Amino acid sequence: MSTASDPHSVAVSISPTTSNLHSIFRKNSASASVAASIRPPKVLHPFATDELRLLLLENISQGAVAHFKAQGFQVDWYPKAWSEDELIQKIGQYHAIGIRSKTKITEKVIKAATKLLAIGCFCIGTNQVDLLTAAKAGVPVFNSPFSNSRSVAELVIAEIVSLSRQLGDRSREMHDGVWNKVSKGCWEVRGKTLGIVGYGHIGSQLSVLAEAFGMRVLFYDVINIMPLGSAKQVETLDKLLQESDFVTLHVPELPETTGMISTKQLALMKNGAYLINNARGKVVDIPALIASLKSGHLAGAALDVYPSEPGANGPHFDDQLNNWATALRALPNIILTPHIGGSTEEAQQMIGEEVSQALGRYLTTGSTIGAVNFPEVDLRAISADENTVRVCHVHANQPGVLRQVNEILGSHNVEKQFSDSKGDIAYLMADIADVSQEDIQSIHDRINKTSANIITRLLS
Ligand SMILES: NC(=O)c1ccc[n+]([C@@H]2O[C@H](COP(=O)([O-])OP(=O)(O)OC[C@H]3O[C@@H](n4cnc5c(N)ncnc54)[C@H](O)[C@@H]3O)[C@@H](O)[C@H]2O)c1
């Protein structure tokens with residue numbers, strides 16, 4: 001629903017190219033709109049709500065704190081995660097909470113969070129939040145799933161070069177005091193074929209980087225995607241496996257991708273090829289990979305993800321965790337990393353920016369773009385010279401709701417409205433022009449009394 005001239009227009013990461021293009025476009029349109037003195041957007045304030053209070057836990061970046069304070073929110077910041085009991089005691093005072101992966105937002109916590117409007121997960125995953133209960137309580141959850149794509153793509157490039165030059169082994173030997181200068185089985189990557197499985201955010205970034213290295217790029221994806229540069233989409237996974245010198249996996253963990261690379265697929269790969277997995281641990285059948293490496297069919301592999309991963313740092317990568325760990329660790333030319341593909345300072349910074357923007361945008365404009373448990377709804381910004389009130393109505397997804405609400409709004413000038421649903425939850429945004437304070441009070445009270453109402457906010 002956002003438009004090109006709308007300075008509040010929002011980039012959603014939906015395809016390899018759009019996320020980058022949108023952000024460039026957004027920057028350009030923002031500066032162009034300043035230059036052309038296009039009507040500035042109005043800063044909206046919630047009706048009938050105290051000053052908005054935010055709780056930030058787990059050492060969330062000071063950049064995010066500054067962003068929220070600049071928007072007029074009161075911010076309480078703590079370096080550590082809170083326990084469920086602590087949250088239950090104190091969360092009732094807050095309108096939004098920002099966490100990383102250690103704070104668990106359970107059903108009990110959500111029930112105690114009587115003022116809560118939104119949750120921001122300043123990380124990739126959202127498993128730490130009871131998403132369904134949050135949605136039913138009218139609370140959207142925001143995260144930052146794609147801010148580390150570039151970091152993963154760069155790690156894969158490092159792994160391609162490291163595998164083809166056996167860098168891991170040479171480095172380990174030198175640490176053991178062994179000088180082993182060899183060129184046999186060591187290759188340049190120029191002119192070699194990289195096969196990318198899953199051409200999404202990471203796969204497509206990688207495609208560009210690999211071509212800059214002089215590699216030929218093939219990719220396989222379940223959807224047809226416009227290739228970047230000179231990359232070429234192939235029709236089957238088998239074809240990609242048969243033609244590639246390096247195969248790298250960038251698919252989500254789904255029932256159909258579990259065990260996607262097993263004995264049959266490994267046998268299809270070229271003799272002397274390499275396999276790289278930075279996607280999810282269950283995508284590769286690791287005992288089958290061990291057999292292929294032992295037989296000498298594959299020349300090496302790099303793994304960043306595993307079917308079972310330890311919950312904390314320490315000497316945990318053993319046979320108790322995965323019963324093949326010792327066999328895997330003993331193999332030559334295999335790079336093993338502890339799920340660090342996306343772990344960079346830049347990715348952390350981008351997570352902070354993206355989640356604080358999404359959370360702030362929801363609180364101040366009602367936009368749910370980027371929410372994981374909510375329908376994505378947005379309206380173009382209200383300009384500063386408009387006497388308009390925005391209705392943000394979260395309700396149960398059941399028949400007859402829009403008729404009830406439109407009866408209330410029907411006697412006013414509804415300038416624009418948009419609604420969508422996801423599962424049991426539906427969300428309506430509507431902008432009503434030329435309303436008095438009494439009208440606002442009446443609209444607020446009447447919508448709040450409708451039978452399917454969960455949370456209704458009015459912003460003006
Ligand atoms: N190692 C790390 O630290 C790290 C960091 C970020 C992401 N990841 C993982 O990397 C993977 C890719 O992430 P992304 O952000 O590029 O995801 P994405 O959603 O942008 O792209 C995934 C692509 O895979 C395609 N796909 C889905 N099922 C497929 C199938 N059966 N066969 C072929 N293609 C299929 C999709 O169409 C999509 O184009 C995910 O599993 C993600 O969890 C790992």
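Visitor: How many nonpolar, polar and charged residues does the shell around the ligand have, by class?

Guide: Ala, Val, Leu, Ile, Met, Phe, Trp, Tyr, Cys and Pro count as nonpolar, Asp, Glu, Lys and Arg as charged, and the others, Gly among them, as polar. The shell here has 13 nonpolar, twelve polar and five charged residues. This is a predicted model, in which local features need pLDDT of at least 70 and side-chain atom pairs count only at pLDDT 80 or more, while totals for chains, interfaces and linings use all residues. Residues are numbered from 1 along each chain as its sequence is written.

Visitor: Which residues are the closest to the ligand?

Guide: A residue is near a molecule if its C-beta atom, placed from the backbone, lies within 6 Å of it. Of the 30 residues that surround the ligand, the closest are Gly 198, Gly 200, Ile 202, Gly 341 and Gly 342. Helix 6 (149-164) and helix 8 (201-212) each give two or more residues to the shell; helix 8 gives the most, with three.

Visitor: What is the order of the strands in the open sheet?

Guide: Helices (H or I, at least four residues) and strands (E, at least two) are DSSP runs, numbered from the N terminus. Two strands pair if DSSP finds at least two bridges between them. The open sheet of four strands has the order 14-15-13-16, with antiparallel pairing. Strand 14 (413-422) and strand 16 (453-459) stand at the edges with a single partner strand each, so one side of each is left without a neighbour in the sheet. Strand 13 (residues 388-396) and strand 15 (residues 425-433) pair over nine bridges, and Arg 390 has Asp 431 in strand 15 as its bridge partner.
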